[in-house]
Amino acid sequence: MKLTAKHTIDASPKDFFEKIFFSREFNEALYREGLKMKGFDIEALEDLGDAGRRKRVRVTPKQEAPGFVKKVIRGELSYVEDGTWSRSTGVYTFTTVTSVASDRIRIAGTVEVEPLGEDRCERTVEMTIVVKVPIVGGQLERFVGEQLKSSFGKGAEFTNRWIAEQIRGVSPS
């Protein structure tokens, strides 16, 4: 299943990647406060010089899933997102590995931003979700896709609030 999510972010493409996306403070706030994840750990935020930057995070979402998902995914689900951003292309490419059924679930994608003026950009996330589980694989792909699309929407709203408060110094109303 292919998934595309687009959101307007109140930052230039350069600021998005250099001041926000790879910011430890932002990532901590996004996953803990904005997305309310059960667990979150930054395993790597590395500057790769001219090549770009690398980010690796381990996330444990709250376990809110329909019955058919709970039957397939037993135990606590967490995932590791591992990706690199290329300075030359401006594209972040990532893979996500789940803690359970990792041999049957594949998630990979890209994040790109295009300018929409001086301090705005459009963030486009394109992902491929493949679940190889007999009978319920398609349902599980749709469930994961819906969850991810919702998270990206919530993440965009939080990102814009964080930019206003933390970068621009605007108090919330």
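How many bridges join β2 to β3, and in which sense do the two strands run? The strands β2 and β3 run antiparallel and are joined by 8 bridges, where two strands are said to pair if DSSP finds at least two bridges between them. The model is a predicted one, in which local features need pLDDT of at least 70 and side-chain atom pairs count only at pLDDT 80 or more, while totals for chains, interfaces and linings use all residues. Residues are numbered from 1 along each chain as its sequence is written, and side-chain values use heavy atoms, with hydrogens and water left out.

## The sheet

Helices (H or I, at least four residues) and strands (E, at least two) are DSSP runs numbered from the N terminus. An open sheet of 7 strands has the order β1-β7-β6-β5-β4-β3-β2, and its pairing is antiparallel. Its edge strands, each of which pairs on one side only, are β1 (2-9) and β2 (39-47). On average, neighbouring strands of this sheet are turned by 15° against each other, direction ignored; here axes are lines fitted to C-alpha atoms, for helices over the stretch in contact, and angles run from 0 to 180 degrees between N-to-C directions.

| Strands | Bridges | Residues facing each other |
|---|---|---|
| β2 and β3 | 8 bridges | Ala-44 and Arg-56 |
| β3 and β4 | 8 bridges | Arg-54 and Thr-84 |
| β4 and β5 | 7 bridges | Trp-85 and Tyr-92 |
| β5 and β6 | 5 bridges | Thr-95 and Ala-108 |

In the hairpin of β2 and β3, with 4 residues between the strands, Gly-49 takes a positive phi near 70°. The hairpin of β4 and β5 has 5 residues between its strands, and Gly-90 in the turn has a positive phi of about 75°. Between β5 and β6 there are 6 residues, and in this hairpin Ala-101 takes a positive phi near 55°.

In a regular strand the side chains alternate between the two faces of the sheet. Strand β5 (residues 92-98) has a covered face made of Tyr-92, Phe-94, Thr-96 and Thr-98, and an uncovered face made of Thr-93, Thr-95 and Val-97. Thr-96, on the covered face, stands opposite Ile-107 in β6.

## Helices on the sheet

Helix α2 lies across β2, β3 (52-60) and β4, and runs at about 155° to β2. Helix α4 packs on the sheet and touches β1, β6 and β7 (121-131), its direction making about 10° with that of β1. Thr-159, whose place is in helix α4, is buried, with a relative accessible area of 3%; buried means under 20% relative accessible area, exposed over 50% and partly exposed in between, with a 1.4 Å probe and protein chains only. Not counting residues up to four places away in sequence, Thr-159 touches Ile-9, Ile-20 and Phe-26, contact meaning heavy atoms within 4.5 Å.

## Aromatic pairs and the core

The structure holds 13 aromatic pairs, for which rings of Phe, Tyr and Trp (its six-membered ring) must have their centres within 6.5 Å, with planes under 30 degrees apart counted as stacked, over 60 as edge-to-face and the rest as tilted. Phe-17 and Phe-22 form a tilted pair, 6.4 Å centre to centre with 35° between the planes, and both Phe-17 and Phe-22 are buried. The ring centres of Phe-26 and Trp-162 are 5.1 Å apart and their planes stand at 70°, so this pair is edge-to-face. Because Phe-26 lies in helix α2 (residues 24-34) and Trp-162 in helix α4 (residues 137-167), the pair ties together parts that are 136 residues apart in sequence. Phe-26 and Trp-162 are both buried.

Ring pairs also link Phe-16, Phe-17, Phe-21, Phe-22, Trp-85, Tyr-92 and Phe-94 into a cluster.

Leaving aside neighbours within four places in sequence, Met-127 is in contact with residues including Met-1, Leu-3, Phe-94, Ile-107, Leu-148 and Phe-152.
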